[in-house]
Amino acid sequence: MADIIHLLPDSVANQIAAGEVVQRPASVVKELVENAIDAKATEITLSIIDAGRTAIQITDNGVGMSETDARMAFERHATSKIKDAADIFTIRTMGFRGEALASIAAVSQTELKTRKKENELGTKIVIAGSKIESQEPESCPVGTTFTVKNLFFNTPARRKFLKANKTEFTYILAEIHQTALANPHICFTILKDGDLYAKYPSGTLKQRIINIFGKQMDKGLLAIEDESSIVKIHGFIGVPELAKKTGSNQYFFVNDRFFRQKSFLGSIMRAYGNLVPQKEYPPFFVFLEIDPGEIDVNIHPTKTEIKFSEEFNICQLLEATVKYTLGKSNIVPTLDFSDPEDYSDMFKPSNTIVTSPPKIAINPSYNPFKTNNGPAYNNAPSNARNWEKLFEDYQAKKSSSTEQTIDFGEFTEISNNEEPELCIQSCTQVQRKYIVAIVDDKIYIIDIKRAHYRLIYNTFEETITSSQKLPSQKTLLPIRIEVTPQEAETLQEALPQMNQLGIDIEEFGKQTFVINGTPSNIPIETLQDTIVDFASSITNSGKNFKDSWQEHIVRTMAKSASLYRNPEMSKDEMQRFVSKLLQSKSYTITPEGQLITVIVEMNDLLKKFN
Ligand code: ADP
Ligand code: MG
């Protein structure tokens, strides 16, 4: 029997392979725009005829190609971007597989004109269904123009598969927007059927976002920024008001490459929590900068999922950063009175506003430690290794305890004999847990415990960043703490900050530390456990916490200082407390993003009862 296996001709192999890369006109746009960016273009013009069915033309002012390179570029696996496999792990360009041009040329009639700066004449190549029809010198500007005509002319089944022009054009725009957002320094001009459709001049990321998505974005973008050893995060998130019914304005980029990632999306949506109604999606433009070796860029060109070796940690960082940004901007839920069901549960907000804090001078002499009696806890769990758990245990213990004295000295001392600085018209305590206060034309409903935590956190944070020092009280007997060698290292590093917070702690031999004094509002037993837990949590979380341990120590210490049973407060105490809170940073949200304050606008009430 005769042998039956033979090699497919290149043109057929290319056509089959092209199915993977070129699925629709938008794929051609994506590949050609990416090539222009890799060629360092600063101006890219796209002309789309018939949603790309008839023609797609892309002109760039990049480096152009030599005569030989122009010919080579259409060969499968022809690339100038990597030389060997190892390069894949350091790749910063958009393409590197050398498949795009071969694929596009296999299923269209393509024309290339290109010139390098150093050449007087450029080159023109015409190629159809992988077959070179002509190559000749051509006078053309520096840079490259690809014209892709009659896509899928030789694969009618694929051509039939295309959707309506409107849909295909939407796909094209989506590709352009992804690339345009990642490259705000590049000017993009889009022509549709011969007319100017859009022009995005070069500028900042914010300008680009506004250019693409409209002026309403202008006031609603919050810059995000975070840097750690695993990832640098920057970009913008939208205020909840900008949320839409589709997630079409949600963008992730890693090293300026667009990608999708369910887990990251989940982190961001968790950070917004109930600030946005269910099934609504706030816009975001989140850029991650990461060592290319830590991501799998060897993904298929049409796929947008990327594998991250530090996925879990990046999730945590993203959630924290977004929460922090929202909190910093005092974005808080208000009650939605449009839904009559809704005000049955005051703490389930479903609409949001951006509020600015009342403009009142902050009392800089406020010192939460000017008090004498901290709450006394005598039975702190001695071996709780996890401070979160420790905190919860304490909460549980305290709420069941009846003998503790609650000290509100720190709040009553805020302004000494002065009147509260805000005009608080009325204050009531509800179930000991909340304060309902009327200030100006707003009703504030405040969770007392969380507010207390926020106040102490802010003071600690300020202390650390301004390198002040809070006073400490001598303990009767010094308290020893034994830790592992790694934990000892962590503690050594954190000693100056702990001292600043009023913790008089020093090293005493190799793995032993001694506490001689505590801040007045942290009981020694609590402090001992808090420090041990802090050391172990930082140490065990490895390098990921190394960058945020200052923040972590502030949180940990603030949590242990703000442990107390819900107090009964006098009118005076409430007024000072509310006044203090409303003048402080991020008074609407805890450092972990939990809601502290619900605000009801009086106007909304009036409307409701109209
Ligand atoms: P890849 O981008 O993966 O390298 P392509 O098939 O997209 O593969 O392109 C092949 C090569 O052609 C590129 O590596 C590059 O050297 C060259 N090239 C493609 N487009 C351009 C352009 N617009 N300007 C300059 N060179 C280009
Ligand atoms: Mg390419």
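Two strands pair if DSSP finds at least two bridges between them. Strands (E, at least two residues) and helices (H or I, at least four) are DSSP runs, numbered from the N terminus. The model is predicted: local features need pLDDT of at least 70, side-chain atom pairs count only at pLDDT 80 or more, and totals for chains, interfaces and linings use all residues. Residues are numbered from 1 along each chain as its sequence is written.

**View 1. An open sheet of three strands.** The strand order is S21-S23-S22, with antiparallel pairing. Strands S21 (473-482) and S22 (504-507) stand at the edges; each has a single partner strand, so one side of each is left without a neighbour in the sheet. From one strand to the next, the twist averages 20 degrees. Axes are lines fitted to C-alpha atoms, for helices over the stretch in contact, and angles run from 0 to 180 degrees between N-to-C directions.

**View 2. The S21–S23 pairing.** S21 and strand S23 (residues 512-518) run antiparallel, joined by six bridges. Lys474 has Gly517 of S23 as its bridge partner.

**View 3. Helix H13 over the sheet.** H13 (residues 485-500) lies across S22 and S23. Its direction makes about 145 degrees with S22. Contact means heavy atoms within 4.5 Å.

**View 4. The protein chain as context.** The secondary structure comprises 18 helices and 24 strands. The chain exposes about 28,900 Å² by the Shrake-Rupley method with a 1.4 Å probe. Carbon and sulfur atoms supply 51% of that area. Among contacts between residues at least 6 apart in sequence, 70% join residues at least 24 apart.

Technical notes: Chains lettered and ligands numbered in written order. Heavy atoms only, no water.
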